[in-house]
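Student: Please take a close look at the aromatic side chains in this model. I would like one connected account of how the rings pair.

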Amino acid sequence: MSFDISLSRPSEVSINLKLFKKFHFFHLFDPKTKKICNFNVYHLAWYIINCIIGCTIIFGLMGYLTEMEDDVFNVANDIQSMFSCLIYSVDLLKIITFLYKANKVWDLLEVTDINFLTSTQCQKHKGILHKYRKKSIKITNIMCMLGIMNAILYTMYPLVLMLLRKENANQSNRRLENILNFRFPVTVNYYNNNYVLFYIMESCIVMFLLYMHIVSEVFFISLCFVMIAQYEMIKRAYENFNGELICENNNSKKKNEYKVNYCFDDLVSIMKNQQKQFKKLKLFHSTYKFIIVSNVVAYSGSIIILTYASAVIFKSSESIPVLVVIKLISSFVNVFIILLIICYLLERINNNLESVQFGMYSCNWTSMNLRSKKILLLSMQLNNANELMIKITRIKIINLQFFNSVMITCYNILSAMLNISSN
């Protein structure tokens with residue numbers, strides 16, 4: 001079965017298809033997208049955009065490598081620039097991975113089909129998939145709104161600050177604050193006189209970060225909810241298989257034989273669906289493992305950076321604008337929530353994968369015939385062999401326990417940083 005997004009309606013897939021169509025995200029993976037010289041036009045567009053954004057960021061950071069006339073350390077501005085570069089690095093890795101593994105992602109989208117699990121028992125529990133679909137759409141829409149609000153806050157911040165201070169580019173004798181506060185290697189006078197140009201440059205960077213950050217995270221969340229729902233359906237299919245498997249005391253011998261064969265075939269179909277689902281989970285891990293690990297590392301570092309910046313600002317004797325603090329807090333909350341969601345969803349997938357085994361034990365296997373018992377035992381052995389978890393190290397699994405350890409580590413590092421800065 002091949003997934004054809006052009007023939008699908010939002011009600012036929014278990015992800016927020018309407019949202020992804022608006023963002024034209026699926027065009028990156030759709031093999032039917034228009035091509036130029038055998039290259040997907042959207043791939044070419046992203047190559048060009050990445051080159052422009054990357055060159056702009058490098059140009060914005062060159063001021064840190066040269067001596068500037070306003071070379072004064074400002075922890076708030078420098079932390080914001082560092083945080084923006086870190087998020088850009090993660091988003092760049094995401095888009096490179098998506099472009100490089102576009103065919104794998106397209107194959108992975110097959111799992112989002114509402115009728116992906118075709119066995120009779122799994123289809124009886126399709127309501128689970130619809131329930132998770134509604135939850136996924138609600139969460140992804142909320143995350144998009146939060147991301148847009150965060151981007152608006154960043155873009156409006158310098159304009160509001162200039163208005164409150166009642167200054168303009170011609171009157172100011174210092175470098176005006178911009179969205180990301182990159183240290184462009186130009187004089188203060190040139191920067192202030194061309195402030196609109198630099199504002200537009202940083203606005204483009206913010207739009208790029210918003211698009212890649214939101215769309216990629218929302219896509220990941222949608223796929224995770226699908227995986228969670230599919231494994232819960234398989235578990236329920238095994239659990240509720242007991243009623244039809246008691247086929248020993250029928251009056252008609254032919255009817256008994258027919259029902260035994262029907263029950264065996266139904267059990268085999270569940271097992272096939274289970275292996276089919278595991279192949280997609282394996283594909284999901286191979287596609288997303290590098291992205292997830294890099295996200296966890298980057299977001300953990302971001303939490304440390306932003307927390308340290310906030311602590312330094314509050315301890316500083318200098319007057320810091322309230323809007324700067326709001327920017328740092330909004331960035332911290334955004335990163336914190338995303339890291340928490342990643343760890344939570346991966347833990348749910350791992351738990352639901354293991355719960356399938358309990359579903360097998362819960363069925364009325366003592367009433368099965370010998371052939372059904374053998375196929376159920378084989379399915380149990382395959383499920384035990386199919387342990388697949390994303391790990392940050394050989395023994396560290398990415399789950400809520402890992403999130404707790406990250407928070408403890410962040411607190412310890414923060415305490416050490418503050419103790420050093422106070423001495």
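Tutor: F220 is buried, because its relative accessibility is 3%, and the cut-off for buried is under 20%. This is a predicted model. F284 is buried as well, with a relative accessible area of 0%. Now put the two rings together. The centres of F220 and F284 lie 6.0 Å apart, and their planes meet at 20°. Stacked pairs need centres within 6.5 Å and planes under 30 degrees apart, so F220 and F284 count as stacked. The pair links distant parts of the chain. F220 sits in helix 8, F284 in helix 10 (residues 253-315), and 64 residues separate them.

F198 belongs to helix 8 (residues 195-239), while F184 lies in the loop between helix 6 (126-165) and helix 7 (188-193). The two are 14 residues apart in sequence, so their contact ties together these parts of the chain. Both F184 and F198 are buried.

Next, the wider group. F184 and F198 belong to one aromatic cluster.

K276 lies over the face of F116, at 4.5 Å from the ring centre. The cut-off for such a contact is NZ of Lys within 6 Å of the ring centre and within 35 degrees of the ring normal.

Key. Residues are numbered from 1 along each chain as its sequence is written. This is a predicted model: local features need pLDDT of at least 70, side-chain atom pairs count only at pLDDT 80 or more; totals for chains, interfaces and linings use all residues. Side-chain values use heavy atoms; hydrogens and water are left out. Helices (H or I, at least four residues) and strands (E, at least two) are DSSP runs, numbered from the N terminus. Buried means under 20% relative accessible area, exposed over 50%, partly exposed in between (1.4 Å probe, protein chains only). Rings of Phe, Tyr and Trp (its six-membered ring) pair if their centres lie within 6.5 Å; planes under 30 degrees apart count as stacked, over 60 as edge-to-face and the rest as tilted.
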